[in-house]
Amino acid sequence: MCHAGPCKECENLIHRECHCGSENQILPCSAENVKLDMKFSCGKPCQGTFACGVHACDRKCHKASSESHHCGTCKFDPQRLSSCPCGKQGISDLLEEPREKCTDPVPTCPNRCLKILPCSLAGEGIISGRCHRCDSPCHTGECPPCKAESTVTCRCRAVTKDIPCEECCSFNASNPFLCDRRCRKNLSCLKHKCQDRCCTQNEHLCLMVCGKKLDCGLHSCERLCHMGKCHKCLEASFEEQYCMCGRTVRMPPIPCGAPLPLCNYPCTRPHPCGHPQFHTCHSEEQCPPCTALTSKYCFGEHEIRNNVPCHQNHVCCGKPCDKMLACGVHKCKRTCHPGECARPGEVCRQPCSIVRKNQACEHICGLPCHGMTPCKQSDCLKKMVIRCPCGRLTAESRCFDIEREYKRMVAIKMMDSAEQGSLPEEEGSAEIDQKYITLQCDSECKKILRNRKIFEALELDKQQIYNEFLMEQVNRDDQFVKSVEKVFNDIVSSAQRSKNVDKMSYVFHALSADRRKVIHEYAPHFRIETKSSGVGPQRNTTVSARYTSGYPSVYLSSFHGKKCCFEKQAEAKPVSDDGIRKLNSNRPVVAQPPQVLIPVQRPSTSRHIPRSISLTANASSSVSFKKVGSPVGPCDALLQVPPNFPPTFVARFHKEEAVRRMVYRKLGATDLLVSQVGLGCGPIGGLFGNVDDSITSIIETALQHGVNLIDTAYWYGQGRSEEILGKVLSKVPRQSFYISTKVGRFELDFSRTFDFRADKILESLTNSLKKLRLSYVDICFVQVGRPRQRQILVQRLDSRQPCLDIDLLQLHDSEFSANENIILYETLPALEMAKHSGKIRHIGVCGYPLAHLASIVAKSTVPISVVMTYCHAALNDNALGEYLHFFQVPRPSESCSSVFQSRNVGLVNAASLSMGLLTGEGPPPWHPASENIKETARAAVQYCQSKNISIEKLAIEYGMTFPGVSTCLVGMDSVERVLANIELCSSGLSELELRVRDRIMRRYFDRLENANWEGVDVRSYWKRLKKLGLSALATHRHSSVESLTSTLTSFSRSSSRF
């Protein structure tokens, strides 16, 4: 009908058929399709024949040539075929008679075929390197396959290779040549890989179906594989949905997978147990477990357990099963359990508990259960604890091995007794205990025993056994401590008496944190193990004692009502008439010096002193006491020390005018204020010659005139110097002097001269105190020589213990130590132990090489307060100045590292005369200096003598005023020399003497390249002594002190001055 707008598309269809009739096409009716022929070529080989009806058509689907529907004239028709197959000669030339029909044979010529083979035709993926032709003679039919090779490239252009032409012909557009390379690119879903061979795709689409379950749990995702979550299930139900009880309904539409509607009514399904339900309606197939409380028997029917939930069938009482086993002897030891006690066919393997009879031990049989049959004779395999004699090492061993070893020892003992003709002693309890002491003590045991001896040698207070917390608790809760001790004693006694039990235990229930800490810290003194268990603040504590447990030497409860061992006791008795403070203990309380001092600088000169070190502004500058306005402490009041005098001043003993003129200096970081000159007691021991009977006058004169430092050593006459000082100083007020001694150098025989073991050091210290008749000394220098090649680390005591007995302890001659580690890790820790025990106050080292002293100070973990050096602050050698930046605090204007600023080590100078080198008589023959140094010293002495000036005075004054040095030790053999040296401290040198000293230093000593004798070969030195006829001195072997004194006196006439 007529209508507006364009017409609709035609709904008719056009049917087309191929020429051969094998395929049909249906096309929509359109202007373009109407113009097409109703026949088309499908591209398949033609199924028809030529007009001859014999030969098949070799063309593809095509239109018939006539109404007869044949494919045209046959190609072998005589009229159509006029040449041989190769086309080079005519048929008329090859045949005498012409061909009459297409079935007649086609003649061939003798020439080669030379037709182009299929492999040479240009096609997709094929590159013809050359034109391949048939080499066969002229022939009919298809040419044979090509035997050459062609180059082919895969479709992704990644691989190019040569293959036979026969194989190359098999590849075409529908079957291209592919390489073996797999594509590794992600598909569009980013979950799968492409994995195609020779892939040429630009977009890799994943064509797999997702197939995952949707959120409904019933349907699967039908989309192609994709990223992210699957969409929600779009299915829906249009039926009403009811709950399990049917009282709650949900109206449609209902999304697929929606749960049943929530119902608040009680569940209507009955429980199998018959108890009522207490839960609401639910969608689960089974109801929740019944929670009604019931009473049920345990597995072994030992008891009825109440308040057991109905659903709980596993009820265990926690007690042993205790059912009789099949053996009829033992009972089941398993905890209450279900089922049979033993598996089918299982035999009881519990050890037989029958006690052995008529055997060495009384342990149980221990063999696997043998029922009612008698026990067989067997070795006892019970593990017993064996130990070493000290009880520190323990191990386990079998009883029969211990018994066998014990019998062997008894047999040896009986044989020894029989040889001696005596009867063996009867076996007692002590002998039985010896069976279990079969281990050998190791080095740690010996160390502990050695430390214990050191503990006793130092007479340490027994209160150090327990720490401060235990001492505080015994005064706060002594009844609990006593109850703990009772429990500890009981379980230790039971463990030692028991033979069949490894350990005895006891449980303290519901203890507070402090009480649990008391048990944990007190138990190690009994060698008892402890362990806390439980939850919350009121936890339980289990203690276990073994055979190796023991008892402490002193019980903690014995300290009830006493002060803590770390509490400082500063109680003192009133001052006596002689000005000496009487203390409750043997430890002194040293008064502190006045707080404000006004220094008066004294000029001095020095050679080779670094310019960064001032001659006057240093840590130990010369100080004269002027008016002081600061108050004094309580100790100063008790000692009655005036504010303008040093702490060692004692009224009615010192000469006030002489003390006021003496110069005092602070010794490093210590609280000692020492005089500028100190009294060296080497001459008193006879080490440098004999001294007359005026020793008492020498010492008293020096002390009364302000000298407050006395230095001695056991080496000075093998204790003779200390014994003489002990007699003299017993009549002198103790507060009037500081005294030092030395340890580390002992015997005259050089092979046994030095000993740095801790026990030997502390033993020497104790002997020195006895010889000096003092409970403490103020300064003690430790002489370091050649120690034995062993290292024993000495444990340190608690650093909080107050100590005031020895003020300073130093290592002497540290360069003789064969192993520096012995000094660092054995000797110095032993000195620190003595310091904490109240025997010394400060620790130091002394020796000749300054580099070695600096190394010990830098590496030591024990604080070193003082360093003594000798012959390095003299006219000929002032190398000490190069180390002032290391030992002492620099000036504020100097930039120095914090490690130097924190040392502030006090320096003590000795041997200002360089062991007789700077004297008018000259050095002794045994002096180790080189001949160049001796010649230079003799020239300097002659120059001083020409000016009528004593070089000894110049050298001593130089040593006393050396920058950084707190005091200078000088050996004085007469009262006159004492007074002269004291006067030198206050008056100094005249201008002429100063000019002469500067002259000899510039003219003689400044020119020395090596002014010391460090690094001298000891063996060469001994050979030189032997050449001089001093073989006794070279070997260091003397039968007595007198022989050494006489030997030294014969060639050392004036060496007692240094």
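Lys947, Arg995, Arg999, Arg1002, Arg1003 and Arg1007 together form a positive surface patch. A patch is built from residues with over 30% relative accessible area and no salt bridge, joining like charges within 9 Å and nonpolar side chains (Val, Leu, Ile, Met, Phe, Trp, Tyr) within 5 Å. A salt bridge here is a side-chain nitrogen of Lys or Arg within 4 Å of a carboxyl oxygen of Asp or Glu. Accessible areas come from the Shrake-Rupley method with a 1.4 Å probe.

This is a predicted model, where local features need pLDDT of at least 70 and side-chain atom pairs count only at pLDDT 80 or more, while totals for chains, interfaces and linings use all residues. Residues are numbered from 1 along each chain as its sequence is written, and side-chain values use heavy atoms, leaving out hydrogens and water.

There is also a nonpolar surface patch of about 430 Å², made by Leu205, Leu207, Val209 and Leu224.

Helices (H or I, at least four residues) and strands (E, at least two) are DSSP runs.

Now for a sheet: three strands form an open one in the order E2-E1-E3, with mixed pairing. Strand E2 (24-28) and strand E3 (39-40) are its edges, each pairing on one side only. Strands pair if DSSP finds at least two bridges between them. Strand E1 (residues 13-18) and E3 run in the parallel sense over two bridges, and Cys18 has Phe40 in E3 as its bridge partner.

Terms used:
Lys and Arg count as positive and Asp and Glu as negative; His and the chain ends are not counted. The place of a charge is taken as NZ of Lys, CZ of Arg, CG of Asp or CD of Glu.
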